Each structure stands twice: as C-alpha cells, then as structure tokens.
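Please have the sequence and the model open while reading.

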Amino acid sequence: MIAAVVLAAGASTRMGTPKLLLPLRGKSILRHITETALASRTDAVVVVLGAHAEQLRGEVEGTGANVVINPDWQEGLSASIRVGVEAASSLSEDLEAVILLLADQPLVTAETIDTLIQRFRATGKAIVASAYAGTLGPPVLFARPLFLELLTLEGDRGAKEVFERYPGQIEAIPVPEGAVDIDTQEDYRRAVLSREARRTPEEGES
C-alpha cells in the first residue's frame with residue numbers, strides 16, 4: 001500500500017488570503033490537488049489541514065480523502081509531515097511508502113505521482129524525489145524504513161535533511177511542473193496561465 005499525503009496546513013501569509021481556496025479550472029486549488037492524488041495509483045490519500053482548517057475542510061469532504069488536522073501547524077512543514085505520516089501509517093500495517101505532496105504545487109499531475117511509484121518499484125530506492133529548478137523536492141516518495149526519520153523532523157525545512165542523510169538512497173525524476181508553487185498573486189497568475197496553456201483543443205472549446 002502506498003499513500004499520498006497532501007500538506008495543506010499553511011497560513012498563506014504571503015498571499016494574504018487562504019490561497020488553497022483560489023479557483024483553478026473550476027475548482028479550488030486544494031480540491032484540484034486532492035483529486036489529482038486520488039486519480040493516481042496511490043491506495044489512499046491523507047490531507048493535512050491546519051490554518052484555515054474550517055474553511056478548507058469542505059473542499060475535500062466527499063472526495064474519499066482522509067482529513068487530519070495539524071494542531072501545531074505554526075511549527076512549520078515538519079509538523080504537518082509528522083501528522084500526515086502518522087495518519088497514513090494508521091490506515092494499514094502494510095503501508096510501504098508515502099508520497100508527500102504540497103497543496104500549492106497545482107501543476108503536478110497524477111501521471112507524475114504514478115512515475116514516482118513506478119521508479120520506487122523498479123529501483124528499490126528509499127527516496128524517489130522530483131528534480132526541478134536545480135534542486136530536489138516534492139512530490140517525493142519515502143519508503144517505510146525512513147518513516148522514523150520523517151516522524152522526528154523539526155522546524156520548517158520539510159524533508160530536505162532526510163535527503164542530506166541518505167544521498168545514496170535517492171532516485172530523481174525530472175518534474176519541471178514542480179517548480180510552480182503558489183505563494184503570491186504573481187505565482188497564482190502564472191499557475192493559471194500554465195494550466196490554460198496545457199489545455200487540449202477540445203478542452204478549450206468546452
């Protein structure tokens with residue numbers, strides 16, 4: 001079993017409004033990334049909320065995703081990772097890996113998530129990370145042997161320090177769309193334009 005963990009607990013301070021409620025192709029950004037995860041070959045999806053949880057919860061209700069609240073969201077990304085991995089682990093004793101997704105990376109596709117899983121199966125590496133903008137980052141798959149590392153993270157660096165500890169266990173795949181994350185109004189404008197540019201002709205006529 002492999003679970004996707006959507007990290008969506010941030011306060012959107014740079015945006016000045018709950019950015020995950022902003023519309024993208026007819027639905028909120030949070031709903032979009034949740035449905036993307038559900039459309040992939042993952043076996044379960046966990047959505048971690050924190051700031052604005054009451055406003056955001058309705059965006060994922062009825063999707064089939066499991067919603068959990070991070071009460072320590074102000075601590076940073078590591079707290080949401082801990083909550084998400086704990087929640088995913090509670091779903092099944094057979095959990096092999098988790099895929100961490102940032103809710104504000106709306107251009108990530110189900111196919112990208114499936115590629116992470118495929119490379120994990122093919123290589124046996126404990127980490128399958130996305131490569132973009134000269135770095136490695138989410139979406140990223142972590143195998144079960146590294147769960148303890150994730151559960152002891154602190155601060156707002158996310159899982160970067162796990163990369164640093166286990167460089168020989170990393171399989172990297174190119175995910176250029178991972179470079180688009182939404183923190184500001186300008187980021188949002190670029191993301192909307194990127195989605196529009198990727199529409200098929202049939203979608204453009206609908």
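## Terms and basis

Two strands pair if DSSP finds at least two bridges between them. Helices (H or I, at least four residues) and strands (E, at least two) are DSSP runs, numbered from the N terminus.

This is a predicted model, in which local features need pLDDT of at least 70 and side-chain atom pairs count only at pLDDT 80 or more, while totals for chains, interfaces and linings use all residues. Residues are numbered from 1 along each chain as its sequence is written, and side-chain values use heavy atoms, with hydrogens and water left out.

## The sheet

The open sheet has 7 strands, in the order S5-S4-S1-S6-S8-S7-S9. Its pairing is mixed. Strand S5 (66–69) and strand S9 (170–174) are the edge strands, each pairing on one side only. From one strand to the next, the twist averages 25 degrees. For that value, axes are lines fitted to C-alpha atoms, and angles run from 0 to 180 degrees between N-to-C directions.

Strand S7 (residues 127–132) runs parallel to S9, and 5 bridges join them. Ser-130 has Ile-173 in S9 as its bridge partner.

## Strand S1

Strand S1 (residues 2–8) runs parallel to strand S6 (residues 97–102), with 6 bridges between them. Here Leu-7 stands opposite Leu-102 in S6. S1 is also parallel to strand S4 (residues 44–49), again through 6 bridges. Val-6 has Val-47 in S4 as its bridge partner.

Buried means under 20% relative accessible area (exposed is over 50%, partly exposed in between; 1.4 Å probe, protein chains only). Ile-2, Ala-4, Val-6 and Ala-8 point one way from S1; Ala-3, Val-5 and Leu-7 point the other way.

## The nonpolar core

A nonpolar core is a set of buried Ala, Val, Leu, Ile, Met, Phe, Trp, Tyr and Cys residues joined through side-chain atoms within 4.5 Å. The largest one holds 63 residues. Val-6, Leu-30, Val-47, Val-98, Ile-127, Phe-142 and Leu-150 touch the most other members. S1 gives the most to this core, with 7 residues.

Contact means heavy atoms within 4.5 Å. Beyond four places away in sequence, the contacts of Val-6 include Leu-30, Ile-33, Ala-37, Val-47 and Leu-101.

## Ser-80

Ser-80 lies in helix H3 (residues 77–91). Ser-80 is buried, with a relative accessible area of 4%. Not counting residues up to four places away in sequence, Ser-80 touches Leu-7, Ala-9, Val-48 and Asn-70.
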